[in-house]
Amino acid sequence: MPIQVLMPALSPTMTEGNLAKWHKTEGEAVASGDVLAEIETDKATMEVEAVDEGILGKILVAEGAHGVAVNTPIALILEDGEDPASLDDRRLAKVPGGAQAAAGDGAAAGKTSAAEKGGAAGEGSAPASTQFERGTSDRVFASPLARRIAADAGLEIKSIAGSGPRGRVVKADVEEAIARGGAKILDGGAKPTPTLAEAPGLPAFEAVPLTTMRKVIAQRLAESKREAPHFYLTVDCEIDKLLAVRKELNGASDAYKISVNDFVVRACALALREVPAANAAWAGDSIRLFQRADVSVAVAIPDGLITPVIRSADEKRLVAISNEMKDLASRAREGKLAPEEYQGGTFGLSNLGMFGIKEFSAVINPPQACILAVGAGTQRAVVKDGALAVATVMASTLSIDHRAVDGAVGAQFLAAYKRLIENPLSILL
Amino acid sequence: MGTFDVIVVGGGPGGYVTAIRAAQLGMNAALVEREHLGGICLNWGCIPTKALLRSSEIHHILNRLDDYGLHAKEIGFDAKKVVARSRAVAGQLSGGVKHLLKKNKVTVFDGHGRLNGPGKVAVSKDGESVADLAGKHIILATGARARTLPGLEPDGKLVWTYKEAMVPEKMPRSVLVVGSGAIGMEFASFYRDMGAAATVVEILPDILPAEDAEISAFARKAFEKQGMKIHTKAMVKSLKKSTRSVNAEVELEGGRKIRITADRVILAVGIVGNVEDIGLEGTKIKVDKAHVVVDEWLRTGEAGVYAIGDLVGPPWLAHKASHEGVICIEKVAGVSGVHPLNTSVIPGCTYCRPQIASVGMSEKAAKKAGRAVKVGRFPFIGNGKAIALGEPEGMIKTVFDSKTGELLGAHMIGAEVTELIQGFGIAKSLETTEAELMHTVFPHPTLSEMMHESVLAAYGRALHM
């Protein structure tokens, strides 16, 4: 069966986006990491990279399409030797879970703690595109029948563009939204009612009640930025070799599919073993140096993020890390992680590469002293031996709590990490 | 040669409304009409028949004055005056249309319009050219006429179409109506209430075949109670005319043949579009079964030429033609938010006694479409106003989608239901569900309370049943 490329969520709150541009045409060969398309939200335009390789068999959502719901299949990729006739089977099952079109899968949902937070907060209520200006009011005009059908289907009426008089959402609009895969899923809670502006000049807004998770995120990360003196170190790693090794590994068996992020998890753990001073936490009256490299990996889940932990990642084989990460990420999204599975990591990792983020800096997740923020691997011009060359470069930025770890230690850690990433066979050892 | 933004050919309820709307949108509009402004509807259809049916309704009430504690001497009628009133009503309204067109600065051409090459319409009267018009947009609204069947050709004397049936010189003692659609049943009802014997022959299993089967069955019982004879699954095979009456051979279900003699035969076996002699030959305009083929925006195969109303097919209703005209011209003018016609919200009314009105899907059609339905019924006998009016016969039926609460259809039979149906028409257009209808306050005492009760009944909550 052809591999479906799904409309990715560029942020936890994104429900739909526009397909700005296709970089590949039907019939064109696609290699893992290739940019397939550009997706546009009201905030930004981002690239969708291929995870799988093969031939772009069919484009399902045309360039320029607006309001494409997250997780709608946008293209089909034929794997090597696959019969193009299989493209005709349009009754493809929908792949549950997050975006397939991403550079890493375990971290597919990897969201950083903090940098992301800022973006996500602004992302708020990505308003549905409507044919008519709805003004500053949040009131949605919709027919009773449209509201009921939307509620039955679990669709939020706000996210559906209305075609009736003055943008009124009517039955046909909802049915169309359902047909193209639906809009935002309601989380079942009572719908917050719009509140009138308190300060003059402020438009009306919706007061979204805080979930427990949101309160924890707010409290912990504010505390981190307030208490922990952050500083940042960035390195560029060339990952062409890593991609080649990964391709070879993934081509060797169907039993696993290792992501770039899986390499990164293990590289971090191995680097921590080399530079144990970076595997630290500030404890107020002491510095704790951990004897095990437990990597916390940020995973986006509905309305927040969580950091499942890969314990002793330096002692686990890549395949084991990959499988564990997949399991943790999928259960994280379902809200089925046990506390011990997401508490107590020694080192943080946040990967936004799959969203096309070049580089960013993450907020430290206390009491950990370090968190590594990994960007997208992109082809860049580099100078090698005095000549211009092309390399796939991935930037990684380490955020460090200066109370526990100094710059030199951070630099040593990053040097070790870079060496591992650029010599991926050593990660396999 | 006159040059216009839009030329409308045909001045019926489709054409003249289109011309007025075009003028409202700032277009320079021409209207070509060969006979009467207002078309068949106003001159020979909807309006004059309503005038006739008002006379027959009063006649019927006069015959049961005693029920109301009243009496009168010498109840009777003057057929000439009944017809004259009907014609006067039509004349008054046709004059009104003329005034409206003038007020909106629509140029009216008296003559027969015909496409005459791209963007051109030739107007002629009695074979002579009246005008050559040029227009960017040409809208054909030439309407339709009665369908005739081989062997049943009308002669205007003993075998009538709607046109002769509307202007009888004297009341026939008996009529044989062929076809039991809205037109057939209105004439059958009119003549029956004026005292004539009436027989209806319908080829399909039910009379009023477009209606919900339950309503059709209810209507049949009511008509038969009035003394009307009805033969369904039956066919008129031949007509033998004598000087003052017609003898018809009718084949009943199973092949048995009977003979029916009536003073007059009224043919009401459907209509065909007026597609001839309007210059379609040599154009890309397609005609299928005597109707012009158009897309959802009423565009024909020829660029700049549109067709609306009866000319493009069923439902053959004046209000459908008008609405199509408005959609067509608004689309042409680039008005935002124009939608193609949603046929599921077009109400249909038949003004026989009892009246019949409906909108949307019949119960059978809804089930056939795979919808799980909830059906509510409420009888006139349970309504205070109906009893007070002395009209206890009738019912209101509503069909809901049991999953979404969508009002799929409403079907009514009984006094004044043609004035009630639009309540459900608005409900459907606004996409209300049963919940809003239940929460709507209906005034007491009115017939409209039955609408409420029917909705409640669909959910097992009727209060007065």
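Which residues in helix 6 of chain A meet which residues in helix 9 of chain A? The model is predicted: local features need pLDDT of at least 70, side-chain atom pairs count only at pLDDT 80 or more, and totals for chains, interfaces and linings use all residues. Residues are numbered from 1 along each chain as its sequence is written, with chains lettered from A and ligands numbered from 1 in the order in which they are written.

**View 1. Contact of helix 6 with helix 9 in chain A.** Phe263(A), Ala267(A), Cys268(A), Leu270(A), Ala271(A) and Glu274(A) of helix 6 meet Phe413(A), Ala416(A), Tyr417(A), Leu420(A) and Ile421(A) of helix 9 (contact: C-beta atoms, placed from the backbone, within 7 Å; helices: DSSP runs of H or I, at least four residues, numbered from the N terminus). By class, this contact has 10 nonpolar, no polar and one charged residues (nonpolar: Ala, Val, Leu, Ile, Met, Phe, Trp, Tyr, Cys and Pro; charged: Asp, Glu, Lys and Arg; polar: the others, Gly among them).

**View 2. Axes of helix 6 (residues 260–274) and helix 9 (residues 407–422) of chain A.** The two axes come within 8 Å and cross at roughly 135 degrees (axes: lines fitted to C-alpha atoms over the stretch in contact; angles: 0 to 180 degrees between N-to-C directions).

**View 3. Contact between chain A and chain B.** Chain A and chain B each give 10 residues. On the side of chain A that touches chain B, helix 2 (residues 144–152) of chain A gives the most, with six residues. The residues of that side divide into six nonpolar, one polar and three charged.

Terms used:
Helices (H or I, at least four residues) and strands (E, at least two) are DSSP runs, numbered from the N terminus. Two residues are in contact if their C-beta atoms, placed from the backbone, lie within 7 Å.
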